[in-house]
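Have the viewer open and follow along.

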Amino acid sequence: MTNPTPRNLTLDQALAEAEARFVARNPRSMERHKDARQWMPGGNTRTVLHFDPAPLTMTLADGCMLEDLDGHRYVDFLGEYSAGLYGHTNQTIREAVIAAMEQGTVLGAPNRYEAGLAQELVQRFPGIDLIRFCNSGSEANLMTFAVARAVTARNKFLAFRGGYHGGFLLMDGEHGELNAPYDVELLDYNDTAGAVEAIRRIGKDLAAVTLEPMMGSGGCIPADQDFLEAIRKETEAVGALLIFDEVITSRLSEGGLQKATGVIPDLTALGKYLGGGLTFGAFGGRRDIMEHFDPSRPGGYLHAGTFNNNVLTMAAGLTGLTQVYTCKVAKTLNAAGEDLRRRINVLFKRIGMKAQVTGRGSLMCIHFTDDPIKRPADAKKADPLIKRLFYMEMLERGQYMATRCMITLSLPMGHPEYDGLVRAIEDFCVDNGPLLRELGYIRD
């Protein structure tokens with residue numbers, strides 16, 4: 001797409017034009033958002049989906065396509081922040097959910113699916129000997145903190161700046177007003193020496209170190225192998241636990257990044273796509289830790305939750321892992337992601353664009369800097385207004401992604417969708433060439 005609107009050589013003018021086009025193109029979404037503000041604060045019940053002047057209201061989905069209230073169609077590269085791995089209308093999962101629904105949904109008892117799903121997850125993830133289900137990745141992460149404190153009888157935690165472990169465990173140092181009241185010290189991601197020093201300094205008071213083996217909301221930043229290995233070694237030395245938040249990264253191999261890296265945690269938090277597109281969370285780990293949840297054991301930990309074994313989720317999750325996202329399919333999807341990321345980075349280099357795509361496998365994020373990105377602070381050096389302009393113009397080109405320019409792949413996608421994304425990115429760079437050169441984002 002070549003935008004007919006003349007390019008202005010100031011970023012503010014370019015953004016103003018893009019926002020004006022957005023409002024003109026989406027009157028129904030604008031009106032829907034206005035109405036929603038009467039009943040929800042800011043018209044919103046999920047902060048990450050907010051976008052000024054108004055988020056798009058989606059009304060129809062099929063495969064990897066979305067359609068909004070105003071009739072525009074998009075390739076869904078948001079993928080529900082990685083939860084939408086199966087796409088929107090996987091027939092195999094759909095049939096499993098319908099079959100389960102026809103036999104009753106709120107049984108108040110163990111059901112025929114949950115043990116099978118548990119078995120599949122234990123067999124895939126090397127750090128999980130026993131597992132329990134809950135309702136979200138946020139809940140799963142919160143449970144790993146609670147378990148670590150209980151089994152170690154210690155109160156101190158280490159985590160990493162820019163990490164996100166759910167709505168109650170934001171590790172950005174700025175928006176933690178609603179955080180659960182755990183004693184958490186924040187370190188810099190991929191700073192091996194700093195992590196080793198902190199673990200040794202806290203020593204016998206340290207309950208656990210928690211981390212994402214690739215930061216998700218922090219910008220799809222993979223952990224260095226020596227960083228992970230050093231933390232594993234040092235936590236073992238002081239008797240602390242290592243927690244992997246694999247809510248997002250579990251899709252990056254058939255057994256998550258713990259299997260791909262060979263660094264095995266004591267506890268793992270899971271969520272997102274593993275529920276087959278339905279509400280899901282799980283936490284698991286070493287047998288000696290998880291056996292505390294055995295209700296037949298004297299003094300066992302109480303873990304309740306009406307929908308922990310929700311019949312529809314259990315059926316969808318089990319069907320998805322055993323019949324759709326098999327180990328072979330996981331390898332194929334993540335290889336496609338590696339190739340797509342390579343293609344975009346080659347494009348940026350050919351154009352002379354100071355930008356890059358970080359990530360691993362089927363998860364990636366575009367950053368408008370060519371400086372090395374090892375932690376979220378590195379990514380924040382770029383002007384956020386460029387990212388906003390890119391996001392809005394990608395919408396005009398039919399590409400739907402996270403406002404932070406995170407991209408997740410789904411199984412219905414193929415070469416037409418990947419080629420379309422690469423073309424849209426190139427069009428953005430070409431159409432905005434004068435502005436990007438003026439701002440120093442394209443080298444002469």
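The second largest pocket in this predicted model holds about 440 Å³ of space. Its lining is made up of 19 residues, and those closest to the centre are Glu114, Ala118, Ile131, Arg132 and Phe133. H4 gives the largest share, with five residues.

Now slide over to helix H3, residues 91-101. Which of the residues of H3 are buried? They are Ile93, Ala96, Val97 and Ala100. These four sit on the same side of H3, because they cover an arc of only 95° around the axis. Part of what covers them is helix H10 (311-324). At the N-terminal end, H3 is capped by asparagine 90: one of its side-chain oxygens lies 3.1 Å from the backbone nitrogen of threonine 92.

Next up, the cysteines. How many disulfides are there, if a pair of sulfur atoms has to lie within 2.5 Å? The count comes to zero. Take cysteine 64: the nearest cysteine sulfur belongs to cysteine 220 and is 19 Å away, and cysteine 64 is in no disulfide. With a relative accessibility of 5%, cysteine 64 counts as buried, because the cut-off for buried is under 20%.

Cysteine 429 is buried as well, at 2% relative accessible area.

Conventions:
Residues are numbered from 1 along each chain as its sequence is written. This is a predicted model: local features need pLDDT of at least 70, side-chain atom pairs count only at pLDDT 80 or more; totals for chains, interfaces and linings use all residues. Side-chain values use heavy atoms; hydrogens and water are left out. Buried means under 20% relative accessible area, exposed over 50%, partly exposed in between (1.4 Å probe, protein chains only). Helices (H or I, at least four residues) and strands (E, at least two) are DSSP runs, numbered from the N terminus. The arc is that of the directions from the helix axis to the C-beta atoms. Contact means heavy atoms within 4.5 Å. A polar contact is a pair of N or O atoms within 3.5 Å; within protein, one must be able to donate a hydrogen and the other to accept it, and residues adjacent in sequence count only if both atoms are side-chain atoms. A disulfide is a pair of cysteine sulfur atoms within 2.5 Å. On a 1 Å grid over the protein atoms alone, a cavity is a set of points where a 1.4 Å probe fits but cannot get out, and a pocket is an open set with protein on both sides within 12 Å along at least five of seven lines; lining residues have an atom within 4 Å of a point. Grid points are joined across faces, edges and corners, and a volume is the space filled by probe spheres set on the points.
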